[in-house]
Amino acid sequence: MKWFWIRHAAELKAMELVDGAATTSSEDGVSVVTTKDKSHASATGYYGHASATGYSGHASATGYSGHASATGESGHASATGESGHASATGNYGHASATGYSGHASATGNYGHASATGNYGHAVVLGQYGKAQCGENGAVILTYWDGKRLRHIVGYAGEGGIESGKWYMLNGKNELIETTVEK
């Protein structure tokens, strides 16, 4: 990903930076924001990419193949469009990808991941997370077995896992349906 940001740094178009917020809109729009506290990045276009870093950063990318990344405690990332990917790192981070083959990952504890399009995967790599997927997708949740982190995978349409529903792990590390407060 490093090569991408270096290659496109000179191509930032229509970027506006005010109080830790950036937006860009073009076919290959890229928006990157780094601040100590709250940062917000938004990119729209065919290949829009958005990245926000900071304690409570939010990133949103819309377009055919947009990607969004938010790093920091309580960061949120959202990608909409075909093949969009969203990633949130830090505890309490949330990631959402909508569209065919979109993937979402949350890497901190208590994170939520949602991939609601067909064939999307929602992955929570920290403990105590929640995930939901769309048709033909998968949810992947993580637990600690006393020696290492382990993953439980559920596939929509198999073993009682339904698309569009939220899942978490119970005390026996089994996938159970749950809700997410809005």
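Reply: The side chain of Asp145 has a polar atom 2.7 Å from the backbone nitrogen of Lys147. This is a predicted model, in which local features need pLDDT of at least 70 and side-chain atom pairs pLDDT 80 or more, while totals for chains, interfaces and linings use all residues. Residues are numbered from 1 along each chain as its sequence is written, and side-chain values use heavy atoms, with hydrogens and water left out.

Me: Which other backbone nitrogen does the side chain of Asp145 reach?
Reply: A polar contact is a pair of N or O atoms within 3.5 Å; within protein, one must be able to donate a hydrogen and the other to accept it, and residues adjacent in sequence count only if both atoms are side-chain atoms. Asp145 itself sits in the loop between β15 and β16 (149-155), strands being DSSP runs (E, at least two residues) numbered from the N terminus. At 2.7 Å, its side chain reaches the backbone nitrogen of Arg148.

Me: Is Asp145 buried, partly exposed or exposed?
Reply: Buried means under 20% relative accessible area, exposed over 50%, and partly exposed in between (1.4 Å probe, protein chains only). The relative accessible area of Asp145 is 34%, so the residue is partly exposed.

Me: Which residues do ring pairs link into a cluster?
Reply: Rings of Phe, Tyr and Trp (its six-membered ring) pair if their centres lie within 6.5 Å; planes under 30 degrees apart count as stacked, over 60 as edge-to-face and the rest as tilted. Tyr92 and Tyr110 have ring centres 5.2 Å apart and planes at 10°, so they are stacked. Tyr110 and Tyr128 also form a stacked pair, 5.0 Å centre to centre with 25° between the planes. The cluster therefore consists of Tyr92, Tyr110 and Tyr128.

Me: Which element gives the most to the lining of the largest pocket?
Reply: A pocket is an open set of points on a 1 Å grid over the protein atoms alone, where a 1.4 Å probe fits, with protein on both sides within 12 Å along at least five of seven lines; lining residues have an atom within 4 Å of a point. The largest pocket holds about 210 Å³ of space, and of its eleven lining residues the closest to the centre are Ser96, His112, Ser114, Trp166 and Val180. Two or more residues come from each of β10 (94-98) and β12 (112-115). The most, three residues, come from β10.

Me: Which element gives the largest share to the lining of the second largest pocket?
Reply: About 150 Å³ of space lies in this pocket, and its lining includes Tyr128, Trp144 and Asn173. Both β15 (138-144) and β17 (166-169) give two or more residues to the lining. The largest share, three residues, is that of β15.

Terms used
Grid points are joined across faces, edges and corners, and a volume is the space filled by probe spheres set on the points. Helices (H or I, at least four residues) and strands (E, at least two) are DSSP runs, numbered from the N terminus.
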